[in-house]
Amino acid sequence: MINELIEKIQHAAAHSQTLAMSGSGSKAFYGGELHGITFDVAAHRGIVDYTPTELVLTARSGTPLVEIEQLLSEHNQMLAFEPPHFGPYATLGGCVASGLSGPRRPYSGAVRDFVLGVGMLDGRGQHLKFGGQVMKNVAGYDVSRLMTGSLGTLGVLLDVSLKVLPLPATALSLRFACDQQAAIQRMNSWSRQALPLSATCWENGQLTIRMEGTQRAIQAAHGKLGGELVANDMAFWRDIREQRAAFFLSPLPLWRLSVPSTAAALKPEGPQLIEWGGALRWLYSDSSPGEIRNAAAAAGGQATLFRGGDKRCGVFHPLPSALLAIQRRIKHNFDPHGIFNPCRLFHEF
Amino acid sequence: MNADFLDLLRATLPKHAMLIEPEDLHPYECDGLSAYRQLPLAVCLPETEAQAQQILKLCYRHAVPVVARGAGTGLSGGALPLSHGVILSLARFKQIIAIDAEARTARLQPGVRNLAISEAAAQYGLYYAPDPSSQIACTIGGNVAENSGGVHCLKYGLTVHNLLRLRVITIEGEILEIGNAALDSAGYDLLALLTGSEGMLAVITEVTVKLLAKPERAQVILAAFDDVQKAGQAVGDIISAGIIPAGLEMMDTLAIQAAEDFVHAGYPRDAAAILLCELDGLNEEVSEQMLQLHDILQSSGATSLRTAVDEAERLKFWAGRKAAFPAVGRLSPDYYCMDGTIPRRKLPDVLQRISELSAEYGLRVANVFHAGDGNLHPLILYDANIPGELERTEEFGGKILELCVAAGGTITGEHGVGIEKIDQMCSQFTAPELALFHGIKQAWDETRLLNPGKAVPELHRCAELGAMHVHGGQLKHPELPRF
């Protein structure tokens with residue numbers, strides 16, 4: 001299988017073809033338009049190594065996320081970054097390449113925080129390995145994390161080693177009625193206390209939080225904060241993560257604004273949903289991309305055109321030229337012939 | 001050329017910000033790895049970012065190599081000077097620029113000491129989680145350059161997990177902002193790439209870190225074992241029970257005795273191994289998990305269990321561990337600290353092999369182990385005044401690192417490659433992987449002036465070293481320069 005992939009890469013490099021990386025296609029909507037011959041890695045699948053006491057799992061990139069999550073839950077463990085699937089067959093490779101994390105992200109960490117090592121093919125068709133199966137490793141540059149979120153533009157992920165964590169003993173979600181500004185203040189001030197927060201979400205006058213930990217700890221925290229218990233909260237958080245909640249049904253372009261958690265309520269017109277303790281703001285708006293990006297930048301953050309809209313404006317927040325130049329040189333180092341996912345990240349490469 | 005360059009450098013900097021006399025240069029001849037020493041051409045101690053930028057531009061124009069330096073506590077020779085290069089010390093960048101308690105962040109100049117961050121944040125009930133043992137002295141800029149860990153990594157992560165933003169200067173003098181005060185930013189993860197890059201890509205002038213709420217309670221338990229293997233098994237049992245301790249440390253007999261004789265931490269001198277296991281969090285959570293932990297340790301065969309009765313005793317238990325290196329230093333004129341990481345389940349095999357090698361080389365080894373995350377610090381005791389003993393120690397150390405790689409681990413968990421482990425990089429990475437690393441460096445520093453010769457070996461050097469493994473550690477071409 002790997003040899004076939006290598007041959008395809010070498011053929012593409014020799015014939016100036018471009019390759020469009022694909023797992024299950026669940027995240028094809030994200031990033032710039034795909035160009036080129038579909039390069040399917042979904043068949044390269046299977047869990048390679050998992051020893052629960054090591055807190056490390058290694059799997060091939062085509063392995064479905066559900067298969068991994070199922071095995072982990074049998075051993076009372078989980079992917080703590082709670083990845084969105086966006087489709088029934090979402091793969092580990094797509095999860096790592098997109099770099100997207102779910103509701104637990106500000107409290108446990110992002111995908112990149114759990115990636116320990118990768119096996120990959122570069123644009124010359126070389127099989128390379130970086131990082132490993134251990135949690136502390138500072139030998140060489142951190143290529144594993146560089147690959148995370150690179151949207152298949154640097155190489156083909158073959159396998160990934162991830163740190164995993166135990167499932168919390170119990171979880172409980174609480175709801176509070178409050179406006180956006182009050183919600184931002186509460187999420188931040190609760191994070192300043194030693195509370196077992198594991199997810200936060202505000203939308204339409206309702207702040208919902210999740211706490212996880214041992215039974216008595218959760219009860220004590222509930223006593224401290226009050227709030228109304230949320231029934232069937234697993235479904236609530238899954239629908240936020242998978243963007244299946246009613247908020248996500250709008251036909252307008254969906255913008256993802258990554259801002260400092262304390263940023264005041266953002267100006268652009270349109271419905272907003274806040275996650276990540278205030279650090280992530282989802283916005284449906286047909287305001288001009290410039291206006292939205294300026295609002296995000298003024299708050300100290302960035303705006304991504306997540307779904308819909310006109311991608312010609314650039315999906316990701318533009319970079320200063322000196323940073324873009326470094327990124328372009330890094331891309332060239334991994335993929336000298338420019339065959340992998342051209343323009344998926346930035347128009348320039 | 002040197003004289004011209006130094007004149008220009010002198011014109012750029014205030015008089016007190018530049019050292020060129022040999023007696024002034026001596027304090028900079030090595031970092032924490034004192035076996036390697038070299039005087040630099042000059043030491044620059046800029047006080048402003050603009051001065052640092054001028055120095056880099058000048059060095060770039062004159063093709064003079066630059067080695068950035070923080071507190072000089074690194075253990076891998078990463079800040080070892082080059083004879084024809086400049087040391088760029090960030091020691092005067094000492095300001096805590098701002099602490100934003102509401103957002104739980106701190107903006108720091110790179111010369112701020114690690115411990116000073118938590119001290120300044122304490123008034124807000126916050127702290128900075130990564131706590132390398134050298135935290136009294138080491139600086140945040142160096143922590144970023146090395147991706148430093150500490151004893152709380154398993155639960156709270158390394159430096160890379162606790163950073164938001166860096167401000168850096170490239171060798172060409174360009175100032176860049178990497179990351180921001182939000183949780184992610186567009187493009188490749190350059191924040192991760194710079195973390196642990198050992199001063200090879202850019203010079204850091206500002207760091208924004210995340211702060212965490214201080215846990216309501218922390219409680220430590222000291223478990224003694226009559227067998228190292230049982231202690232290793234206990235670690236697996238704790239993790240299997242779904243407990244992630246804030247700290248989980250193991251020490252073997254020699255390390256226990258050294259620490260006990262040095263700081264009187266209350267360690268059992270006759271134990272084959274001890275585990276220090278700390279839980280933190282909400283009061284109720286710690287109470288529940290302490291009961292569970294007690295049961296687990298008892299059934300894994302602990303011969304004695306002691307819970308610290310108060311904060312003073314908790315700190316005393318930790319004082320022994322944090323002083324383990326200097327304590328071992330008292331047993332012998334010199335010691336050599338290794339830093340491999342292994343999958344935890346391989347611990348008994350690796351310790352067994354280390355003890356065989358110890359007998360073979362006739363050199364004693366004390367083992368200190370970050371058991372939670374698999375990071376092993378064997379300390380080899382030697383005497384540099386005995387001719388050939390340093391060389392034998394380094395050879396022994398190299399074998400330990402190769403053993404770690406063979407066990408599925410790595411040659412360095414947290415101390416960095418620097419100059420010390422440059423040869424072992426050849427056994428961990430293939431030529432195409434090393435070539436890719438060189439390409440990454442060149443994307444930032446095309447003429448290779450930032451800390452050249454460190455962290456990533458030249459391919460021809462690895463090719464020459466290919467013989468090393470065949471010939472049992474005898475360098476085939478000893479006349480080749482080491483770096």
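1. In this predicted model, strand 8 (residues 163-169) of chain B is joined to strand 9 of chain B by five bridges, and the two strands run antiparallel. Within that pairing, Arg165(B) has Gly179(B) of strand 9 as its bridge partner.

2. The pair belongs to an open sheet of chain B in which five strands follow the order 5-6-10-8-9, with antiparallel pairing. Strand 5 (96-100) and strand 9 of chain B form the edges, each of them pairing on one side only. With direction ignored, neighbouring strands of this sheet are turned against each other by 10 degrees on average.

3. A second open sheet in chain B is built from four strands in the order 1-2-4-3, and here the pairing is mixed. Strand 1 (18-19) and strand 3 (66-69) of chain B each have a single partner strand, so at these edges one side of each strand is left without a neighbour in the sheet. Strand 1 of chain B runs antiparallel to strand 2 (residues 42-44) of chain B, the two being joined by two bridges, and Met18(B) stands opposite Cys44(B) of strand 2. Against this sheet packs helix 3 (residues 49-62) of chain B, which touches strand 2, strand 3 and strand 4 (86-89) of chain B, and whose direction makes about 160 degrees with that of strand 4.

4. Turning to the interface, 84 residues of chain B are in contact with 76 residues of chain A. The size of an interface is often given as the accessible area lost when the parts come together. For chain B and chain A that buried area is about 6500 Å², and carbon and sulfur atoms give 59% of it. On the side of chain B, the residues that lose the most area to chain A are Leu183(B), Tyr188(B) and Leu436(B), which together account for 13% of what that side buries.

5. Polar pairing across the interface comes to 28 residue pairs in polar contact between chain B and chain A, counted where both residues are at pLDDT 80 or more. Several elements of chain B each supply at least two residues to the side that touches chain A, among them strand 9 (175-179), helix 8 (228-240), helix 10 (283-299) and helix 16 (431-444). Helix 16 of chain B gives the most to that side, with 10 residues. By class, the side of chain B that touches chain A is made up of 39 nonpolar, 25 polar and 20 charged residues.

6. Side chains of opposite charge can pair when their charged atoms come close. Over all chains the structure holds 42 salt bridges, and the count between chain B and chain A is seven. One salt bridge between the chains is formed by the side chains of Asp373(B) and Lys136(A), at 3.7 Å from N to O. In another, the side chains of Asp184(B) and Arg256(A) meet at 2.9 Å, N to O. Asp184(B) lies in the loop between strand 9 and helix 7 of chain B, whereas Arg256(A) is in strand 14 (residues 254-258) of chain A, so this pair joins two chains.

7. In chain A, strand 3 (residues 47-51) and strand 4 (residues 56-60) pair in the antiparallel sense over four bridges. Thr51(A) has Val56(A) of strand 4 as its bridge partner. The hairpin of these strands has four residues between them, and Leu55(A) in this hairpin takes a positive phi near 60 degrees.

8. The side chain of Asp179(A) reaches the backbone nitrogen of Ala182(A) at 2.8 Å. By contrast, the C-alpha atoms of Asp179(A) and Leu79(A), which are 100 residues apart along the chain, are separated by 32 Å.

Definitions and conventions:
Residues are numbered from 1 along each chain as its sequence is written. Chains are lettered from A and ligands numbered from 1 in the order in which they are written. This is a predicted model: local features need pLDDT of at least 70, side-chain atom pairs count only at pLDDT 80 or more; totals for chains, interfaces and linings use all residues. Side-chain values use heavy atoms; hydrogens and water are left out. Contact means heavy atoms within 4.5 Å. Buried area is the accessible area (1.4 Å probe) that two parts lose on being put together, summed over both. A salt bridge is a side-chain nitrogen of Lys or Arg within 4 Å of a carboxyl oxygen of Asp or Glu. A polar contact is a pair of N or O atoms within 3.5 Å; within protein, one must be able to donate a hydrogen and the other to accept it, and residues adjacent in sequence count only if both atoms are side-chain atoms. Ala, Val, Leu, Ile, Met, Phe, Trp, Tyr, Cys and Pro count as nonpolar, Asp, Glu, Lys and Arg as charged, and the others, Gly among them, as polar. Two strands pair if DSSP finds at least two bridges between them. Axes are lines fitted to C-alpha atoms, for helices over the stretch in contact, and angles run from 0 to 180 degrees between N-to-C directions.
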